Amino acid sequence: MALKAAGRTSLVDSVVEQLRAQLTDGEWAVGDRIPTEHELAQQLGVGRNTVREAVRVLVHAGLLESRQGNGTFVRSTADPAAVLRGVRHAGAADVLELRVALEAEAARLAAVRRDTHDLLRLRAALTTLREEGDRDADADLAFHLAVVGATHNATFVEVYRFFSAQVHEVLVEALGDREMPPVDIDAHEALVEAVEAGDPEAAERQARELLRVPMETVAALTGGAVRNR
């Protein structure tokens, strides 16, 4: 598949999209070295500075990797932007359902792997949640990040941090001015106690129970139905 010559408007964006298409279409495999800046500039009909900026964007996106003195290599052909678009276009119930799955597994792992520092962080986050009020979104997010952090899985933490922001955007768009129910402090307390007890089954169960009311509320407000879990 030949690259199309880029027009004169939004050159960097145009090159980014064309290179992104090459990657996701499998033109280059993971580990392959892509053509040099000079070669790409000639193929696209743009300057090397434009190519350099476009490649930098894709490096930051995790699709390419620049190796000093060796060139630029394909790091991944899975486009995170496509995932982002999919999440943003998903329904609120679907997004919450995925959140339940993530948080239930995080709670299970946290109960097995937590250490003293994790338990102190969880208790501190719970105290802040109580003090800041049951509708404080930042305090609630900090609590759930503390649970995820106790998995000691850096990838899990990054995925959850990214996903939680998208959940908020989808819910705001779907619900508008309609409010979600107050945060259930007692349910959060029960989750902490299960993690402290080192009981993975109880921790997973409490994580699911904690999100049961939000799931039911979203279903009621959007005219949907809660699916079997």
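Buried residues account for 38% of the 229 residues in the protein chain, as computed from a model that is predicted. The accessible surface of the protein chain comes to about 12600 Å², and carbon and sulfur atoms contribute 49% of that surface. Of the contacts between residues at least 6 apart in sequence, 68% join residues that are at least 24 apart.

The protein chain contains 11 helices and 2 strands, and, read from the N terminus, its elements follow the order α-α-α-β-β-α-α-α-α-α-α-α-α. The two strands, β1 and β2, run antiparallel and are joined by 4 bridges, with L64 standing opposite V74 in β2. Together β1 and β2 form a hairpin that leaves 3 residues between them, and within this turn G69 has a positive phi of about 85 degrees.

The elements for which residue ranges are discussed here are set out below.

| Element | Residues |
|---|---|
| Strand β1 | residues 64-67 |
| Strand β2 | residues 71-74 |
| Helix α5 | residues 92-113 |

Within helix α5 lies R99, an arginine whose relative accessible area is 14%; because buried means under 20% relative accessible area, R99 counts as buried. When its neighbours within four places in sequence are left aside, R99 is in contact with D140, H144, Y160, F163, V167 and L211.

How values were computed
Residues numbered from 1 in each chain as written. Predicted model: local features only at pLDDT ≥ 70, side-chain atom pairs only at ≥ 80, totals over all residues. Heavy atoms only, no water. Pairing = 2+ DSSP bridges. Buried < 20%, exposed > 50% of the residue type's maximum accessible area, 1.4 Å probe, protein only. Contact = heavy atoms within 4.5 Å. Areas by Shrake-Rupley, 256 points an atom, 1.4 Å probe, with all protein chains shown as cover.
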